[in-house]
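Let's take a walk through a protein together.

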Amino acid sequence: MGQSPREAPLLEIRSLRHEYRQPDGSRLRVLRLDSLRAFRGEALAVAGPSGSGKTTLLHILAALVQPSEGEVLFDGRSLRASHPSSARWRALSVGYVFQDVNLLPDFSVLENLLIAGEISGVPRAAAQERALSLLRRLGLEGRRHNRPAKLSLGERQRAAVARAVLHAPPLVLADEPTASLDAENARAVTDLLLELCGESRSLLIAATHDEAVKKRFPRLVELNKLAELNKEGRIVP
Ligand SMILES: Nc1ncnc2c1ncn2[C@@H]1O[C@H](COP(=O)(O)OP(=O)(O)O)[C@@H](O)[C@H]1O
Ligand SMILES: [Mg+2]
């Protein structure tokens, strides 16, 4: 894991701030991160209490949300959430594991993986081969024709990990991927993410508030809960 001395960072964050405007005109400051440089092959846990901006940060890193201030450079280029090219960039460059799994309910596990492969431009035969090999490794080969609802939570989350890494994207974002799992399954999913992302030298950034999960990551970014501002810009106690 880690980088060679001359390698450029895959991801660079500069003076990032985000706030949401509330319907009553007040502003909710949710994120402040002054600088971060992360390299291919690294694994970072983003920790912090509920409401500290973990999901917002991952949305910004996936170019789904444009930060209020600052910038995120990916491979030296600034992310632009509203730009028409961002959807294509995301499909090719990002694998996303959602807290609530989000597998397509009307498709089998294998089809879920193949659809993800198609969206990210993996040739059909290669996607089929990679999907089967991942499912075999995850002990899910025998469940490949089942719909997600037939699987246990742990199995579903492992399938979601396989789907996120199918195209070996440079960046894998995982939003509390173990939140709904027991300790044993949480550990299995975490180890799987670390192992698969290590193999493809993907940069893994996982939001978590689970202490056991946090400890398995070599790098940790702690977020703090920020203040809410009223219409006049004063801090709401
Ligand atoms: N689209 C939104 N509009 C307004 N407030 C939001 C929006 N999304 C999140 N928030 C608020 O921003 C804060 C941070 O949310 P989030 O990024 O989901 O934190 P975490 O993932 O750490 O729990 C929370 O107080 C949440 O209610
Ligand atoms: Mg969240």
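In which kind of crossing, left-handed or right-handed, does α3 pass α4? Before we settle that, please keep in mind that you are looking at a predicted model. Now find the two helices: α3 covers residues 109-119, and α4 covers residues 124-137. The answer is that α3 passes α4 in a right-handed crossing. On the side of α3, the contact is made by V109, L110, L113, L114, G117 and E118, while α4 contributes A127, Q128, A131 and L135.

For α3 and α4, the axes come within 9 Å and cross at roughly 135°. Angles over 145 degrees would count as roughly antiparallel, and α3 and α4 are therefore oblique to each other.

Helix α5 spans residues 153-165 and helix α6 spans residues 183-199. Their axes come within 10 Å and cross at roughly 10°. Since angles under 35 degrees count as roughly parallel, α5 and α6 are therefore roughly parallel to each other. Where they meet, α5 brings G154, Q157, R158, V161 and V165. Facing them from α6 are N185, A188, V189, L192, L193, L196 and C197. This contact divides into eight nonpolar residues, three polar ones and one charged.

Next, let's visit the ligand. Which residues are around ligand 1? They are Y20, L28, V30, G48, S50, G51, S52, G53, K54, T55 and T56. Two elements give two or more residues each to this shell: strand β2 (27-38) and helix α1 (54-61). The largest share, three residues, comes from α1.

Finally, step back and take in the whole protein. Its secondary structure comes to seven helices and eleven strands. The radius of gyration is 18 Å, close to the 18 Å that the globule rule gives for 237 residues, so the protein is as compact as a globular protein of that length. Along its principal axes, the C-alpha trace spans about 60 × 40 × 35 Å.

Terms used: Residues are numbered from 1 along each chain as its sequence is written. Chains are lettered from A and ligands numbered from 1 in the order in which they are written. This is a predicted model: local features need pLDDT of at least 70, side-chain atom pairs count only at pLDDT 80 or more; totals for chains, interfaces and linings use all residues. A residue is near a molecule or strand if its C-beta atom, placed from the backbone, lies within 6 Å of it. Helices (H or I, at least four residues) and strands (E, at least two) are DSSP runs, numbered from the N terminus. Axes are lines fitted to C-alpha atoms, for helices over the stretch in contact, and angles run from 0 to 180 degrees between N-to-C directions. Angles under 35 degrees count as roughly parallel, over 145 as roughly antiparallel, 65 to 115 as roughly perpendicular and the rest as oblique. A crossing is left-handed if the near helix is turned anticlockwise from the far one by less than a right angle, and right-handed if clockwise. Two residues are in contact if their C-beta atoms, placed from the backbone, lie within 7 Å. The radius of gyration is taken over C-alpha atoms; the globule rule is 2.2 Å times the number of residues to the power 0.38. Ala, Val, Leu, Ile, Met, Phe, Trp, Tyr, Cys and Pro count as nonpolar, Asp, Glu, Lys and Arg as charged, and the others, Gly among them, as polar.
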